[in-house]
Amino acid sequence: MKPWKRIEPTKVDKIGWRTIVTKTFEMPDGQVAEFQTIGGEGRHCIAAIALTPDNQVIVARQFRPGPEKIFDELPGGGVEALDTDYETAARRELLEETGYEAGVIDFLGDVYKDANTNTTWHYFVARDCTPHARGQQLDDNEHVEVRLITIDQFLKNARNGRMTDIGAVFLAYERLLKLKEIS
């Protein structure tokens, strides 16, 4: 299979803080079709599975308006211009959302959350995370309750639809099982 041929121009619409990008493609059979995608092209986000020195998982408990549910999420967010690299962004988001500072941080991998998003998610495992004196530094309209949960509870949350970023859990699964053994 070959990639479809993209035809310009591209249409970009802003709806609140969301970006909808309409892309036009010539498909293999010669037909031309438009597709709406979510997020600005070239957008990058990060998230980290953060662990304390005794291997408790630090989660950012938040209400999410789409499903109207509370999730135990990974601390994360958009990569900003001030970030020099993805690891720097992961460290910044962890500190801002949870008030914890990462010790060692390792890259897990990249994930596209679905077929219609333009954003690449970069996932990390942060270990030896400790509370920082500054505490949380939340953005406007951000309401995060920081919780420490066991690795077992974290994996159970992933299996039972109580969290987002399941791709990160998959990438870290074997590592989490090993850390659980030494806890």
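Helix α2 (residues 151–159) and helix α3 (residues 166–182) have axes that come within 11 Å and cross at roughly 155°. The model is predicted: local features need pLDDT of at least 70, side-chain atom pairs count only at pLDDT 80 or more, and totals for chains, interfaces and linings use all residues. Residues are numbered from 1 along each chain as its sequence is written, and side-chain values use heavy atoms, with hydrogens and water left out.

Axes are lines fitted to C-alpha atoms, for helices over the stretch in contact, with angles from 0 to 180 degrees between N-to-C directions. Helices (H or I, at least four residues) and strands (E, at least two) are DSSP runs, numbered from the N terminus. α2 and α3 are therefore roughly antiparallel (an angle over 145 degrees). In contact (heavy atoms within 4.5 Å), Ile-151, Asp-152, Phe-154, Leu-155 and Ala-158 of α2 meet residues of α3 including Ile-166, Val-169 and Tyr-173.

The largest pocket has a volume of about 1,500 Å³. Of its 40 lining residues, Trp-17, Arg-18, Arg-43, Arg-64 and Trp-121 are the closest to its centre. Lining residues have an atom within 4 Å of a pocket point, on a 1 Å grid over the protein atoms alone; a pocket is an open set of points where a 1.4 Å probe fits, with protein on both sides within 12 Å along at least five of seven lines.

The elements below each supply at least two lining residues.

| Element | Residues |
|---|---|
| β2 | 18–26 |
| β5 | 57–64 |
| β6 | 69–73 |
| β7 | 76–78 |
| α1 | 86–98 |

The largest share, 4 residues, comes from β5.

Technical notes:
Angles under 35 degrees count as roughly parallel, over 145 as roughly antiparallel, 65 to 115 as roughly perpendicular and the rest as oblique. Grid points are joined across faces, edges and corners, and a volume is the space filled by probe spheres set on the points.
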